[in-house]
Amino acid sequence: MFDRILKTATLRQSTVTLIGTIINGILGALFYVVLARLLGPANFGLLTIALTTLVLIADVADIGTNTGLVRFVSSNLKTNSEKAYQFLKLSLEIKLVAWVLSFLIIFLLAPLLATQVFHKEELILPLRLVAFGIGGALFFSFATSVLQAYQKYFLWSLINILTNSLRLILIFILGYLLVLNVENSLIIYILLPFFGFFITLFILPIKKILTSRNELNLSSEFFKYNIPVAIFAAIAAFSGRLDIYLNAALLSTKDVGIYGVATQLVQVMPQLVSALGLVSAPKFASFQNNKDMLVYFKKLQLLVVGLSIAGILMIPIAIYLIPIILPQYQEAIMPFIILFIAMLVFLFSIPVHHSVIFYFGRPDVFIWVSIGHLLIIGGLGYFMIQSFGVVGASLTVLIGMIFNFLYPSIWLLFRLRKSK
């Protein structure tokens, strides 16, 4: 069995994305480690709030476009390439409109959000920069989603590594010149996704995409699938970052910075999930029967079990290194451990999540998952943070991740039994 698994295209493709993700994760971790050391906990807390807002708004503004793009382009690329190009053009147009609307809303509301919601006037300029940065996040995710749909995993890894390498180099330069602050750190973070997007345009069949016609005729089909995705993605995006906002409202800026370091140190896991999703999402979308899907499901589950075990073995090393690399953030060790375990649960959930969304085509299931997760983070999290601070926030995230695994797993079991 293991010999067959080792020879599969799944493992080869996963290996490429895993190696790229590991390199990308290291570069991302170094980026945040350098920022945390040079900015200090309080300023890093401000940066954490700004970046959290950027990612949140970009996820909501996407309205499920990335997921729909992967599903419809993957399923039409070989059988009807013109229709695939129409879906790509429609996706790009949706993202452009979403950026314009998001920019106007966030730019105009920045003073109100900074002073009335976060009670930090110094966040006005960072939030206005965030309004501009939403476009980079939307367009860059379009580029990487297209590479995913085309199953160009090496190029996907290369683009991510290139943009993160340049971002880290620029931060080092500003740090060396002693001019690093919250604003120019945020500007660097914002500009590099635009760069990655334009580089990817030279790889993609952009002329065929832009010259395709009647893409609006596909809107009904596209949005019928995307709307449930958009609803659960918006709820999930908010609940997934609600811990940061609750910390910002209930704790000091320094505590937000400490928790921000812990959350950033575990970001390699969501990136790993995303990398595996590059391979698994198009695969699940292409299966025509339960038998083929379950064969692939078992292989993928075995892979994530192995990765989860490897992750657990890495925890003691991280505990040893954090006080050495980030002496100002020793209080982040316990939140890091709990959040890392939560991310391992997230990793373990990949086969279940992707089979429900891409094989069964039921993203609406995750609307209820997202609502439950939101109630856990918002309700339980409020009391946990008041009682236990950043440790309470971390425990709440872990409980939420366990719920996110159990609910769709139960749904999947019932669906498979029903189809026998």
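Is the crossing of α12 and α15 left-handed or right-handed? I looked it up in this predicted model. The crossing of these two helices is left-handed.

**Helix pair**

I noted the ranges next. Helix α12 covers residues 290–325, and helix α15 covers residues 365–419. They pack at an angle of about 145°. Their axes are 12 Å apart. Then I listed who makes the contact. From α12 I found N290, M293, L294 and F297. From α15 I found L412, L416 and S419. I also sorted this contact by class: five residues are nonpolar, two are polar and none is charged.

**Surface patch**

I turned to the surface. A nonpolar patch there is formed by L162, L166, I169, L170, I173, Y176, L177, V179 and F195. Together they have about 810 Å² of accessible area. Which helix gives the largest share of the patch? I found that helix α6, residues 153–176, supplies six residues, the largest share. L170 is found in this helix, α6.

**Salt bridges**

How many salt bridges does the structure hold? I counted two. I looked at R241, which forms a salt bridge with D59. Their closest N and O atoms are 2.9 Å apart. R241 lies in helix α9 (residues 219–250) and D59 in helix α2 (residues 9–61), so this pair ties together parts 182 residues apart in sequence.

Notes. Residues are numbered from 1 along each chain as its sequence is written. This is a predicted model: local features need pLDDT of at least 70, side-chain atom pairs count only at pLDDT 80 or more; totals for chains, interfaces and linings use all residues. Side-chain values use heavy atoms; hydrogens and water are left out. Axes are lines fitted to C-alpha atoms, for helices over the stretch in contact, and angles run from 0 to 180 degrees between N-to-C directions. Helices (H or I, at least four residues) and strands (E, at least two) are DSSP runs, numbered from the N terminus. A crossing is left-handed if the near helix is turned anticlockwise from the far one by less than a right angle, and right-handed if clockwise. Contact means heavy atoms within 4.5 Å. Ala, Val, Leu, Ile, Met, Phe, Trp, Tyr, Cys and Pro count as nonpolar, Asp, Glu, Lys and Arg as charged, and the others, Gly among them, as polar. Patches are made of residues with over 30% relative accessible area and no salt bridge: like charges are joined within 9 Å, nonpolar side chains (Val, Leu, Ile, Met, Phe, Trp, Tyr) within 5 Å. Accessible areas come from the Shrake-Rupley method with a 1.4 Å probe; for residues, only the protein chains shown count as cover. A salt bridge is a side-chain nitrogen of Lys or Arg within 4 Å of a carboxyl oxygen of Asp or Glu.
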